[in-house]
Amino acid sequence: MIEIQIQKKLKSASGEMTLNLDCEIKKGSLVTLYGPSGSGKTTTLRILAGLIKPDEGAIVFDGITWYNKNTFLSPQKRKIGFVFQDYALFPNMTIMENLKFAFDKNGNPNELANLVDMMELGKLVDRKPSEISGGQQQRVALARALAGKPELLVLDEPLSALDFKIRVKLQDYIIKIDKELKITTVLVSHDLGEIMKLSDQVLMLEEGKLVRQGKPEELFFNQNMSGKFKFTGEIIELKKQGFIYIATVLIQENTVKVVLTESDIKEIKLGDKVVVVSKAFNPMIYKVK
Amino acid sequence: MVHPIQAGLASLPASLSEASLVMGKSKWTTLFYVLLPNCKASILTGIVLAFAHTVGEFGVVLMIGGNIPGSTRVASIAIYDEVEAMNYGSANFYALILFVITFIILLFVYLINGGYLKRYWK
């Protein structure tokens, strides 16, 4: 269990804001931070890792105080695996050296071999990070974060730069890690589909405040919304045709056209995240809150 | 020497050192195993520029350094002496040697930093 209760003044693009968080994260759960850019997600991760010091508050991890008025545990002493947005693989080392650098010298070498197997890196171990693709780099970054046997895994928009296919594969890896190693994981993501698939709990941030939290289904969909299929997507086009409107919704890599009436359109504008629900008849769309 | 290395360290993404710190490595380990190896090019540039400066050093050596032939006389002062003595021929010759040496040094730096040698040997 991680108890987080922190305050930190930040300078964001829209002026000064205060990051104010008060939440609990269950051990072994997979938590997503969600919110617009500049809402303090990355800062939260960095505070968890000890790379930024909060102004006030406390962080307690499994009964060990990481931060409060009198204590500040350095990043070295918190057992954390951090996957950076730019992966931060060391360019001077091969993949294996990168993993070994994070791995405990007295550790069992079999564990390292298992990790390489699990992340399917066998063929890449002798290459340098610059010689492998983005998706592979991401896998290495994930493996390297795990090599230090962290108690908390922190991922900063790990999959945002990857294409859909590799993304799905890596999402499966993350689920596998969470299930097999039972590591508490906190990640930042913007992709609703991804959040639905991965997370047990979502923390929604806005302007540094925790606006809502809960299970992803509770958070993003209306309770009373029923349907055979539900897809989340983004409105990329709205066109008027006579009395009706046609909305084009981008779902993962496919587009869907949905017919809307004047009353539907009031709530919805271009770029909105929506959920497309199909019952017996026409698909309907709802704005995601 | 300081400037190129400082610039080299500053140009590395902050996440590199942060990644190392999060892995539990000390600041020294991070510096020697992560940061310095990744700015080799800047270190080389720093060393060579420092060397090139030293080879061409004139003012300070003239003022407080000695001028003993075969011991403390430097090339730039030798040129100065020859010009003073109106021996333009040997002054030109010294200058040419100085030019060739610096040219070769700088050429090597650019070849190495540009990765040309590495690609050639492969």
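Me: What makes domain 1 and domain 2 of chain B the parts that chain B is divided into?

Reply: Chain B is divided into domain 1 (1-55) and domain 2 (57-122), and bounds like these come from an automatic or database domain assignment. The C-alpha centres of domain 1 of chain B and domain 2 of chain B lie 28 Å apart. Eight residues from domain 1 of chain B and eight residues from domain 2 of chain B make the contact, where two residues are in contact if their C-beta atoms, placed from the backbone, lie within 7 Å. The side of domain 1 of chain B that touches domain 2 of chain B has five nonpolar, three polar and no charged residues. For those classes, Ala, Val, Leu, Ile, Met, Phe, Trp, Tyr, Cys and Pro count as nonpolar, Asp, Glu, Lys and Arg as charged, and the others, Gly among them, as polar.

A word on the source: this is a predicted model, where local features need pLDDT of at least 70, side-chain atom pairs count only at pLDDT 80 or more, and totals for chains, interfaces and linings use all residues. Residues are numbered from 1 along each chain as its sequence is written, while chains are lettered from A and ligands numbered from 1 in the order in which they are written.

Me: How many helices and strands does the secondary structure of chain B come to?

Reply: Chain B has eight helices and zero strands, so-called when DSSP gives a run of H or I with at least four residues (helix) or of E with at least two (strand), numbered from the N terminus. Along the sequence that reads α-α-α-α-α-α-α-α.

Me: How does the radius of gyration of chain B compare with that of a compact globule of 122 residues?

Reply: The globule rule is 2.2 Å times the number of residues to the power 0.38, with the radius taken over C-alpha atoms. A compact globule of 122 residues would come out near 14 Å, but chain B has 20 Å. The C-alpha atoms of chain B fill a box of roughly 65 × 40 × 20 Å along the principal axes.

Me: And what about chain A, with its 289 residues?

Reply: There the value agrees with the rule, because a compact globule would be near 19 Å and chain A has 21 Å. The C-alpha trace of chain A spans about 70 × 50 × 30 Å along its principal axes. The secondary structure of chain A comes to eight helices and 15 strands.

Me: Why are helix 1 and helix 4 of chain B called roughly antiparallel?

Reply: Axes are lines fitted to C-alpha atoms, for helices over the stretch in contact, and angles run from 0 to 180 degrees between N-to-C directions. Under 35 degrees counts as roughly parallel, over 145 as roughly antiparallel, 65 to 115 as roughly perpendicular and the rest as oblique. The axes of helix 1 (residues 2-11) of chain B and helix 4 (residues 40-56) of chain B come within 7 Å and cross at roughly 170 degrees. That is why helix 1 of chain B is roughly antiparallel to helix 4 of chain B. B:Ile5 and B:Ala7 are among the residues of helix 1 of chain B in this contact, and B:Ile43 and B:Leu49 among those of helix 4 of chain B.

Me: How do you know that helix 4 and helix 5 of chain A are roughly parallel?

Reply: Helix 4 (residues 134-147) of chain A and helix 5 (residues 164-181) of chain A pack at about 10 degrees, with axes 11 Å apart. They are therefore roughly parallel to each other. The contact includes A:Leu142 of helix 4 of chain A and A:Tyr173 of helix 5 of chain A.

Me: How many residues of chain A are in contact with chain B?

Reply: 15 residues of chain A are in contact with 14 residues of chain B. Strand 6 (80-83) and helix 2 (95-102) of chain A each supply at least two residues of that side of chain A.
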